[in-house]
Amino acid sequence: MRLLIVGAVAGGASAATRARRLDNGAEIIMFDRGKYPSYAVCGLAYYIGGDIEERDDLLVVTPELLRDRFAIDVRMRSEVKRILRDSQEIEVENLDTGETYREKYDKLILSPGAAPVEVPGTEIEGVFTLRDIPQADRIKDYIAKTQAKRAVVAGGGFIGIEMAENLRRMGLDVSLVHSHEYLMRPLDPEMAVLLHEEMKLNGVRLVLGARAGALSRDDSGIHMQLSNGQVLDCDLAMLCIGVRPTVDLARDAGLEVGQRGGIVVDEHMATADPNIYAVGDAIEVVDFVTGENTLVPLGGPANRQGRIAADHIFGRDSAYRKTQGTAIVRAFGLIAASTGSTEKVLKDCGMPYEKCYIHGLSHADYYPGGSSM
């Protein structure tokens with residue numbers, strides 16, 4: 001078996017190591033554009049803020065470990081440009097040398113991830129997205145070099161809230177812009193309002209119901225145009241306004257892309273081509289509650305999907321059983337978490353539901369130190 005894997009991190013690296021555990025004789029080659037095959041994406045904001053002091057603590061596995069322990073041919077800084085389905089080959093470019101070559105496959109797993117949504121002016125100095133360790137390094141270096149005092153974070157999802165908290169803890173003046181009327185769309189408004197109060201109490205200015213627009217820069221700093229006509233001035237701008245599945249490679253190869261914009265796969269993570277599988281942030285999954293196709297760019301599902309793809313390739317009848325979208329985030333003194341569908345989603349789907357409010361303690365009341373939930 002010659003198994004090629006496009007993309008590492010959660011889905012690709014999990015698929016590679018699972019494949020090796022199932023077959024000692026398989027030839028496994030993994031390609032990735034970056035420098036690090038598997039790292040803690042969810043820890044990047046806390047590395048910037050200083051909670052995670054050692055950069056190496058973010059590394060889950062290194063290329064050396066994958067080569068030495070798992071006998072996986074890891075090719076970092078390698079971008080797969082084309083899939084040639086008729087000949088079962090991929091075309092690869094070495095990003096360091098510019099060399100282009102082809103590799104044949106028996107089975108192919110795509111784990112290309114998702115790319116940050118950008119706005120005009122993303123290339124300006126002092127404007128950042130946060131997807132990998134080199135980007136986190138650049139943000140830390142920029143703050144230290146420029147002694148930035150003012151920051152605008154666009155996007156009130158998980159990464160936006162984490163970045164707002166960590167920049168505030170570093171002493172920056174922080175404004176958080178979000179296009180919806182309340183933060184964190186997985187939360188219902190009754191829960192989000194508690195999050196709003198916590199952010200405000202810790203000095204984060206909230207600008208809700210306004211979308212981030214074009215960015216510009218002059219001698220006085222960076223200027224972010226908002227959809228409500230307001231202009232926010234800052235020294236550092238963070239774009240955390242969501243991600244889109246990276247599907248160009250699959251689409252160009254004639255693989256189906258669904259209405260939600262992700263690669264279409266079956267319960268075994270196989271595409272319509274029986275020799276090609278896809279996992280992670282780039283695929284569409286089925287919502288556990290509504291049964292609708294959706295996108296859930298989280299590490300937990302990606303890890304499981306990678307293992308299931310490897311299982312099926314090597315003869316096991318593993319299947320993916322839909323996604324609940326369980327997630328949790330810290331916001332200063334609060335922890336906000338959700339699982340399943342929100343009231344808004346259920347209303348939009350026309351599904352009947354009941355709701356209740358529970359004000360319990362974090363543990364049994366006879367044991368000291370419990371706090372209200």
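These entries go through what I looked up, topic by topic.

**Entry 1: the model.** I am working from a predicted model. I keep that in mind for every entry.

**Entry 2: the open sheet.** I asked in which order the strands of the open sheet run. I found 5 strands, in the order S5-S2-S1-S9-S20, with parallel pairing. Strand S5 (73-76) and strand S20 (276-278) are the edge strands, and each pairs on one side only. On average, neighbouring strands here are turned by 15° against each other, direction ignored.

Next I looked at one pair inside this sheet. Strand S1 (residues 2-6) and strand S2 (residues 27-32) run parallel and are joined by 5 bridges. Arg2 has Glu27 of S2 opposite. I then looked for what packs on the sheet. Helix H1 (residues 9-22) does, and it touches S1, S2 and strand S9 (107-110). The direction of H1 makes about 170° with that of S2.

**Entry 3: strand S12 and its neighbours.** I checked how covered strand S12 (residues 150-154) is. It is mostly covered, with 4 of its 5 residues buried. Which strands pair with S12? One is strand S13 (residues 173-178), parallel to S12 over 5 bridges. Within that pairing, Val152 has Ser175 of S13 as its bridge partner. Another is strand S18 (residues 236-239), also in the parallel sense, over 4 bridges. There, Val153 has Met238 as its bridge partner, and Ala154 stands opposite Leu239.

**Entry 4: strand S18.** I turned to the side chains of S18. Leu236 and Met238 point one way, while Ala237 and Leu239 point the other way. All of these are buried. S18 also pairs with strand S11 (residues 127-128): the two run parallel and 2 bridges join them. Phe128 stands opposite Met238 in that pairing. I asked which residues have the most contacts inside the largest nonpolar core. They are Leu167 and Met199, in a core of 57 residues. Helix H4 (residues 133-146) supplies the largest share of this core, 5 residues. Another core lies apart from it, with 50 residues, among them Val61, Val74, Tyr105 and Ala310.

I listed the contacts of Leu167, leaving out residues up to four places away in sequence. Leu167 touches Ile143, Ala151, Val153, Leu172, Val174, Leu236 and Met238. Of these, Leu236 and Met238 point one way from S18.

**Entry 5: Asp137.** Is Asp137 buried or exposed? Asp137 has a relative accessible area of 17%. The cut-off for buried is under 20%, so Asp137 counts as buried. Asp137 is part of helix H4. Not counting residues up to four places away in sequence, its contacts are Tyr47 and Arg55.

**Entry 6: Val80.** I located Val80 in strand S6 (residues 78-84). Its relative accessibility is 10%, so Val80 counts as buried. What does Val80 touch, beyond residues up to four places away in sequence? The contacts are Val6, Phe31, Ile90, Glu91, Val92 and Leu249. I also checked Val80 against Asp32. They are 48 residues apart in sequence, and their C-alpha atoms are 8.1 Å apart in space.

**Entry 7: cysteines.** How many disulfides are there in the whole structure? My search gave 0. A disulfide needs the sulfur atoms within 2.5 Å. Cys240 is in no disulfide either, since the nearest cysteine sulfur, that of Cys234, is 12 Å away.

Cys42 is exposed, with a relative accessible area of 60%. Cys240 is buried, with a relative accessible area of 11%.

Technical notes:
Residues are numbered from 1 along each chain as its sequence is written. This is a predicted model: local features need pLDDT of at least 70, side-chain atom pairs count only at pLDDT 80 or more; totals for chains, interfaces and linings use all residues. Side-chain values use heavy atoms; hydrogens and water are left out. Buried means under 20% relative accessible area, exposed over 50%, partly exposed in between (1.4 Å probe, protein chains only). Two strands pair if DSSP finds at least two bridges between them. A nonpolar core is a set of buried Ala, Val, Leu, Ile, Met, Phe, Trp, Tyr and Cys residues joined through side-chain atoms within 4.5 Å. Contact means heavy atoms within 4.5 Å. Axes are lines fitted to C-alpha atoms, for helices over the stretch in contact, and angles run from 0 to 180 degrees between N-to-C directions.
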